[in-house]
Amino acid sequence: MTRIVVDFDRCEGHGLCEQTAPEVFRLNDEGELHLRRDQVDTEHEGLVAAAVRVCPVAALKVQP
Ligand code: SF4
């Protein structure tokens, strides 16, 4: 299982992570990011890796 780490100080609420992996990332009406899950099963690892890549401010990391 992989764990998602969000640097909330960097996150600017662009929402590209939500667009890429809506099963995992969700922005609320205030533009604040919430994780639907913080442990990622193998089924979602590819999507989360893509979200890490698209974040324009490098606010996302995954840890084994
Ligand atoms: S793509 Fe990056 S900056 Fe945008 S909401 Fe996701 S974590 Fe935050």
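Leaving out neighbours within four places in sequence, I4 is in contact with L35, D38, V40, V48, L60 and V62, where contact puts C-beta atoms, placed from the backbone, within 7 Å. I4 also belongs to the largest nonpolar core, a set of 10 residues that takes in C17, A21, F25, L33, V40, V48, A51, C55 and L60 as well. Such a core is a set of buried Ala, Val, Leu, Ile, Met, Phe, Trp, Tyr and Cys residues joined through C-beta atoms within 7 Å. Buried here stands for 20 or more other C-beta atoms within 10 Å of a residue's own, exposed for 12 or fewer, and partly exposed for anything in between, with C-beta atoms placed from the backbone. Buried residues come to 16% of the 64 in the protein chain.

A word on the model itself: it is predicted, local features need pLDDT of at least 70, side-chain atom pairs count only at pLDDT 80 or more, and totals for chains, interfaces and linings use all residues. Numbering runs from 1 along each chain as its sequence is written. The mean pLDDT (the predictor's confidence in each residue, from 0 to 100) is 94 for the protein chain, with 100% of residues at 70 or more.

As for the fold, the protein chain has two helices and five strands, in the order β-α-β-β-β-α-β along the sequence. Helices (H or I, at least four residues) and strands (E, at least two) are DSSP runs numbered from the N terminus. Of the contacts between residues at least 6 apart in sequence, 62% link residues at least 24 apart.

The ligand sits among C11, E12, G13, H14, G15, L16, C17, L33, C55, V57, A59 and L60, each with its C-beta atom, placed from the backbone, within 6 Å of the ligand. This shell splits into eight nonpolar, three polar and one charged residue; Ala, Val, Leu, Ile, Met, Phe, Trp, Tyr, Cys and Pro count as nonpolar, Asp, Glu, Lys and Arg as charged, and the others, Gly among them, as polar.

A58, between helix 2 (45-54) and strand 5 (60-63), shows a positive phi of about 55° despite not being a glycine. A58 counts as exposed because it has 11 C-beta neighbours inside 10 Å. G31 is in the loop between strand 2 (25-27) and strand 3 (33-35).

Conventions
Contact = placed C-beta atoms within 7 Å.
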